[in-house]
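Trainee: I would like to go through the aromatic pairs and one backbone angle. Please show me the structure.

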Amino acid sequence: MEGGRSDEDPNPGVVEPEQGRLWHVVLSVAGAASPLPELRAGLEKLAHDHSFFLTARYAADHAEIRYWEQARDLHDAAAIALRLWGEHKVSAKLPAWEIVGLEVVDRPTYHKRVAEGFGDPPPQLGGVHPY
């Protein structure tokens, strides 16, 4: 050990927890028509509260939220996504809509799709926008 540095593992046999991977999530929700200014305000609050929020598109009776989620595997990312709307419904004053669609893909798959011309991000990237 020269200069206080060692190339050997200081804790042999200790397994580090697996780092979370990034997953691209598209969550679609729908329900009874909601006033657009209130819906926009709720989605903006959700965007502020969720650290990997990418973009949202909305209409009076449906919305699509795209964001990145850090999770160990697809199962965990999907479980988090399925809870997102319900967990933020009260704090962000979101409408009592149901989840009607969910897509979760890993980062390499997302980038491959974009490179191949499929699954392009929406034209307005970032923020909350009407359809």
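Trainee: Is W85 buried or exposed, and what is its relative accessible area?

Mentor: This is a predicted model, where local features need pLDDT of at least 70, side-chain atom pairs count only at pLDDT 80 or more, and totals for chains, interfaces and linings use all residues. Residues are numbered from 1 along each chain as its sequence is written, and side-chain values use heavy atoms, without hydrogens and water. Buried means under 20% relative accessible area, exposed over 50%, and partly exposed in between (1.4 Å probe, protein chains only). W85 therefore counts as buried, at 2%.

Trainee: How many aromatic pairs are there?

Mentor: Rings of Phe, Tyr and Trp (its six-membered ring) pair if their centres lie within 6.5 Å; planes under 30 degrees apart count as stacked, over 60 as edge-to-face, the rest as tilted. By this rule the count is 2.

Trainee: Which kind of pair do W68 and Y110 form?

Mentor: Their ring centres are 5.1 Å apart. The planes meet at 85°, so the pair is edge-to-face.

Trainee: Which kind of pair do W85 and W97 form?

Mentor: W97 is buried, with a relative accessible area of 5%. The ring centres of W85 and W97 are 6.0 Å apart and the planes are at 5°, so the pair is stacked.

Trainee: What is the phi of K93?

Mentor: Most residues other than glycine have a negative phi. K93 is exposed at 70% relative accessibility. K93 is not a glycine, yet its phi is positive, at about 55°.
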